[in-house]
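Open the model in your viewer and keep the selection tool ready. This tour moves from one stop to the next.

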Amino acid sequence: MSASTPKTLCTSGQQSIQDICHPLSAEESVRTPSPDVGNTTGSIGEKDLSLPNGTPVDTSSPASSSSLLNRLQLDDDLDGETRDLFVTVDDPKKHVSTMETYITYRVSTKTTRVEFDLPEYSVRRRYQDFDWLRIKLEETQPTHLIPPLPEKFVMKGVVDRFSEEFVETRRKALDKFLKRVADHPVLSFNEHFNVFLSAKDLNAYKKQGLALLTKMGESVKYVTGGYKLRGRPLEFAAMGDYLDVFTQKLGTIDRIAQRIIKEQSEYLVELREYGPVYSSWAGFEGPLQEPLEGVAGCVANCATALDELTEDMSDDFLPVLREYVLYIESMKTVLKKRDHVQAEYEAKLEAVAFRKEERTAPPTDVEKCQDRVECFNADLKADWDRWQNNKRQDFRQLLTGMADRNIQYYEKCLAAWESIVPLLQDRPGSTKTETS
């Protein structure tokens, strides 16, 4: 990637979504009706549309010679990218005023891009600033998948939103959000992202108010009250099916994981009460004092190891699951937007097909709408591939870390119990010697 502009790549997303392995790899070639915008019935939904001059039109994958020329596309190979923008979120600080109490985070940036006046920046941002950025990205980049932010309100099980644990969990999530935007070859060049990273006084930009809806947004608003999509193309229907199954699996894992954490926490309470009993008992037993104290220490070490395992699961495992649940919602939102744009295209095409006058070429507004659908399809496919790559990497890392922490936990418990075996084995011999 160059330092000044995103590199221009060949069109992404040419690979069929069916080539991506997921639980619902459909084999049938029939279009699946859209679950979001519905189907219409009657002759319109049963016949192929054509222009007045007799030219058949495929509404699922329009091809215009002028649609994607010189358009920025995404590189699916994350490892092949040259990174020239590095962002970090750290150093949370609590601010108390007469009106409110809030947390700010330091956002540090290092870059070689010419769009920035300086190579390094350090600014402070609060959660609502991150939320402003995400809203702006959604407004100005409606065809792209915007990474999710952590929930604004206190997460389940967390009472104090100013506690160190909650603030650190949120800091990690905000850091991941900015890193995902910074690594995106289109979103990272958004002007609002530049302002967010570099402006000392972000409020000056925020006070300008919300921008007018983009033409894409206007088309969505128009379509929601009118034409209904005939059918979501098979590859995008497969995306929706996959997201539904993925949501179900993540929800089940999240529920079981929280139950495991709850049971581990209860077991930890029992262990912390269990060990001291052996310590108090040891004071009344002369010959058994040393092994009893050894058992008490062993139980204490096991409790410490379990505490670390439970903390790691709460701090590292569950947040990844929650992030991807939010990611799924973001992807479904983009899919709905794509459906609305296709529905607008079909509506315009239908209007032209039923006109009586003869035309030798499609109207300009139909071609523009056709280009918009094509661009939306390409951007969504590319972001889908990128998301799948990120997901595979994230879950490999997550599961590897989970395996390592469990191994470490059992190794610590094993070492603790093995340490008292010599004490228990020596006791019978020493007792026999004392008796003789």
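Predicted model: local features only at pLDDT ≥ 70, side-chain atom pairs only at ≥ 80, totals over all residues.

Now colour the lining by class.

Then highlight H9 on its own. The largest share of the lining, 10 residues, comes from H9.

Next, leave the pocket for a pair of helices. Two packed helices are described by the angle and the distance between their axes. Select helix H2 (residues 127–140) and helix H4 (residues 191–198). Their axes come within 9 Å. They cross at roughly 165 degrees. Angles over 145 degrees count as roughly antiparallel, so H2 is roughly antiparallel to H4. Turn the view to follow the crossing, which is right-handed.

Show the side chains where the two helices meet. On H2, pick Asp 129, Phe 130, Trp 132, Leu 133, Lys 136 and Thr 140. On H4, pick His 192, Phe 193 and Phe 196. How do the residues of this contact divide into nonpolar, polar and charged? Five are nonpolar, two are polar and two are charged.

Definitions and conventions:
Residues numbered from 1 in each chain as written. Heavy atoms only, no water. Axes fitted to C-alpha atoms, helices over the stretch in contact; angles between N-to-C directions. Helix = DSSP H or I, 4+ residues; strand = E, 2+ residues; numbered from the N terminus. Parallel < 35°, antiparallel > 145°, perpendicular 65-115°, else oblique. Left-handed = near helix turned anticlockwise from the far one by under 90°. Contact = heavy atoms within 4.5 Å. Nonpolar A, V, L, I, M, F, W, Y, C, P; charged D, E, K, R; others polar.
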